[in-house]
Amino acid sequence: MLTLHYAPGTIAAAVAIALNEAQVDYDRHRIDFAKKEHRTAAYLAINPKGRVPALRTRQGVLTETAAILDYIAAIRPETGLVPDDPFEAAQMRGAMTYLASTMHVNHAHGGRGMRWADEARSWADMKQKVPQTMAESAQYLEDHVMQGPYIMGDRFTLADPYLFVVLTWLPGDGVDIGNFPKLSAFETAMWDRPSVRMTLSDGIL
Ligand SMILES: N[C@@H](CCC(=O)N[C@@H](CS)C(=O)NCC(=O)O)C(=O)O
């Protein structure tokens, strides 16, 4: 049985949605950020980076959202969560890599400034920039990535739960998703998916 280590509202929700989409049963282990459970020796033994998600498998622990999503698609190939065409599969992974390396990092500048600087005034400066960088990322996705209705057009892929969770952060980051019609329609449609509803009722979103 797989075990997902998650904290509510984090990018771990993308993994939960993908597991639900693929109909993979899994155990849920909540990590309480408020109690700094992610910094305890017990959790650092699971993920030395002190982050979520982490997915325990029979072979060991996987970390990094994009890699975990790829694993889920690989153990359930029949769900078709990765496009068959190599070019399209790479386009999908390009979107996921952008979310991981750029947009998630923009978001983290709002509350995790201590990763990059020691002075409180530097954290405040980084936080102030978040509405701009998140809006710029959303505009890039709207104009160049989102084919609609899903990222890869009609086909639901691994990149969709990833993007969806990042979009749920926009209001808190001071960005109005209404300025991005394709992303907005996508987010609305995603809330109706049973996989998303289950993730919400499980308290993971
Ligand atoms: N590159 C990692 C980033 C994971 C990450 O930063 N997760 C955040 C929650 S969204 C976290 O665990 N933050 C805790 C911390 O920074 O202390 C991934 O994509 O899985």
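Arg193 pairs up with Glu21 in a salt bridge, with 2.7 Å between the closest N and O atoms; a salt bridge here is a side-chain nitrogen of Lys or Arg within 4 Å of a carboxyl oxygen of Asp or Glu. Arg193 sits in the loop between helix H7 (181-191) and helix H8 (194-201), while Glu21 belongs to helix H1, so the pair ties together parts that are 172 residues apart in sequence. Helices are DSSP runs (H or I, at least four residues), numbered from the N terminus. Side chains of opposite charge can pair when their charged atoms come close. By the salt-bridge rule, the count comes to 6 salt bridges.

All of this is read off a predicted model, in which local features need pLDDT of at least 70 and side-chain atom pairs count only at pLDDT 80 or more, whereas totals for chains, interfaces and linings use all residues. Residues are numbered from 1 along each chain as its sequence is written, and side-chain values use heavy atoms, with hydrogens and water left out.

Now to the domains. The protein chain is split into domain 1 (2-79) and domain 2 (86-193), with bounds that come from an automatic or database domain assignment. Their C-alpha centres are 20 Å apart. On the domain 1 side 15 residues take part in the contact, and on the domain 2 side 14 residues do, contact meaning heavy atoms within 4.5 Å. About 1,200 Å² is buried between domain 1 and domain 2, and carbon and sulfur atoms give 67% of that; buried area is the accessible area (1.4 Å probe) that two parts lose on being put together, summed over both. Ile11, Glu21 and Leu69 supply 37% of what domain 1 buries against domain 2, more than any other three residues.

The side chain of Thr65 places an N or O atom 2.8 Å from a ligand oxygen. For Arg51, a polar side-chain atom lies 2.9 Å from an oxygen atom of the ligand.

Terms used. Polar contact = N/O pair within 3.5 Å; in protein donor to acceptor, adjacent residues only side chain to side chain. Helix = DSSP H or I, 4+ residues; strand = E, 2+ residues; numbered from the N terminus.
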